[in-house]
Amino acid sequence: MAGAGGEKSNRRNQVLVGDLPSDFLRLNTSTDHQIAVDHHTAAMMQAQAAGVQVFAPSVSRLSITIAQANLTKNYGLTKMDPYCRIRVGHAVFETHTAHSGGRNPVWNKVIHASVPTGVDAIYIEIFDERAFSLDDRVAWAHVTIPERVFKGETVEDWFPLSGKQGEEKEGSVNLVLSFTKVQSIPVQQHMMYTVPRHQPLAYPAPVVIQQGAPLPGYYGYPAAGTVPLPMAQPAPYPPCPPQPQGPLFTNEDVKVVKDMFPNVDEEVVRSVLEANRGNKDATINNLLAMDS
């Protein structure tokens with residue numbers, strides 16, 4: 001009898017007591033993880049479309065030009081219709097679909113993203129748009145932003161892609177990165193205004209006017225015993241000196257863009273920069289369109 005009681009006690013000691021783990025009797029598959037990621041991405045894009053601010057507090061802006069991609073393989077019986085999705089912090093952006101782009105899609109899409117504090121990398125995914133099934137994820141890359149970009153340089157480079165072929169074996173994507181520091185705007189403090197209390201009106205003492213005498217201080221007549229004073233003229237405002245207008249771009253800007261497009265004449269680069277008022281991002285996009 002004592003042996004049976006001891007065996008029963010040992011079995012009770014082996015029972016798990018307390019809260020069950022979150023993954024109890026659950027299979028953690030890559031499909032479930034991808035569904036969760038896609039759900040989060042869709043929620044973020046829906047919030048952006050509704051005008052909800054989803055960026056973290058930031059004082060910097062990253063300009064990304066997703067120019068094109070060279071993929072290793074075309075998945076499907078016909079040419080793929082690739083589009084690119086890019087994530088910067090919690091913000092998600094998408095390019096248009098390059099219909100029949102196949103292995104060499106071209107987008108030339110420019111996005112401007114706020115860079116939260118501590119973010120030094122972006123995540124890129126390339127999908128094949130499908131008409132009668134879920135879009136197929138073809139390639140992806142975790143791109144670390146080069147240190148030169150944070151120092152103010154414009155960097156154009158090809159970054160390797162991973163996918164079904166293996167790590168960094170799915171081709172490469174062409175990006176143009178530039179970084180701009182934005183001055184933080186101080187929060188305006190609430191100002192308190194004090195309204196003076198109403199004071200009782202003080203009426204002047206009545207003035208006795210003799211018959212035939214001019215009214216004192218009215219109709220242009222001075223009061224009796226006073227000397228009329230000339231009216232003071234307001235001092236004219238000094239004219240504002242013309243503000244010197246600096247150059248819209250520097251020779252260094254011309255050199256940076258010229259290095260990216262060695263086949264384009266320098267005078268053409270200067271003309272496009274001048275037309276875009278020194279905006280390098282717009283100049284790069286125009287030159288890319290000219291080459292294509």
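In the predicted model, the count of aromatic ring pairs comes to 2. A pair of aromatic rings is described by the distance of the centres and the angle of the planes. In the pair formed by Y83 and F127, the ring centres lie 5.5 Å apart and the planes meet at 15°, so this pair is stacked; the assignment follows because planes under 30 degrees apart count as stacked. Y83 belongs to strand β2 (residues 82–88) and F127 to strand β5 (residues 121–128), so the pair ties together parts that are 44 residues apart in sequence. Y83 is buried, with a relative accessibility of 6%. F127 also counts as buried, at 5% relative accessible area.

The other pair consists of F150 and F179, with ring centres 5.1 Å apart and planes at 65°, so it is edge-to-face. F150 is partly exposed, its relative accessible area being 23%, whereas F179 is buried at 14% relative accessibility. The two residues fall into separate classes because the limit for burial is set at under 20% relative accessible area.

R137 is placed over the face of W140, at 4.1 Å from the ring centre. K164 lies over the face of Y75, with a distance of 4.7 Å from the ring centre.

At the level of the whole chain, the secondary structure consists of 6 helices and 8 strands. Read from the N terminus, the order of the elements is α-α-β-β-β-β-β-β-α-β-β-α-α-α. The chain has 292 residues, of which 29% are buried. Of the contacts between residues at least 6 apart in sequence, 57% join residues at least 24 apart.

Helix packing was examined for α4 (residues 251–260) and α5 (residues 266–275), which pack at an angle of about 115° with their axes 10 Å apart. The crossing of α4 past α5 is right-handed. On the α4 side, the residues in contact are N251, D253, V254, V257 and K258; on the α5 side, they are E266, V269, R270 and L273. Sorted by class, this contact comprises 4 nonpolar, 4 charged and 1 polar residues.

Backbone geometry was considered next. Most residues other than glycine have a negative phi. S100, which is not a glycine, has a positive phi near 60°. This residue is found in the loop between β3 (91–94) and β4 (106–114). With a relative accessibility of 47%, S100 is partly exposed. E168 likewise has a positive phi, of about 60°, although it is not a glycine. In contrast to the loop position of S100, E168 lies in strand β8. The relative accessible area of E168 is 53%, and the residue is therefore exposed; the class follows because exposed means over 50%.

Conventions:
Residues are numbered from 1 along each chain as its sequence is written. This is a predicted model: local features need pLDDT of at least 70, side-chain atom pairs count only at pLDDT 80 or more; totals for chains, interfaces and linings use all residues. Side-chain values use heavy atoms; hydrogens and water are left out. Axes are lines fitted to C-alpha atoms, for helices over the stretch in contact, and angles run from 0 to 180 degrees between N-to-C directions. Helices (H or I, at least four residues) and strands (E, at least two) are DSSP runs, numbered from the N terminus. A crossing is left-handed if the near helix is turned anticlockwise from the far one by less than a right angle, and right-handed if clockwise. Contact means heavy atoms within 4.5 Å. Ala, Val, Leu, Ile, Met, Phe, Trp, Tyr, Cys and Pro count as nonpolar, Asp, Glu, Lys and Arg as charged, and the others, Gly among them, as polar. Rings of Phe, Tyr and Trp (its six-membered ring) pair if their centres lie within 6.5 Å; planes under 30 degrees apart count as stacked, over 60 as edge-to-face and the rest as tilted. Buried means under 20% relative accessible area, exposed over 50%, partly exposed in between (1.4 Å probe, protein chains only). A charge sits over a ring if NZ of Lys or CZ of Arg is within 6 Å of the ring centre and within 35 degrees of the ring normal.
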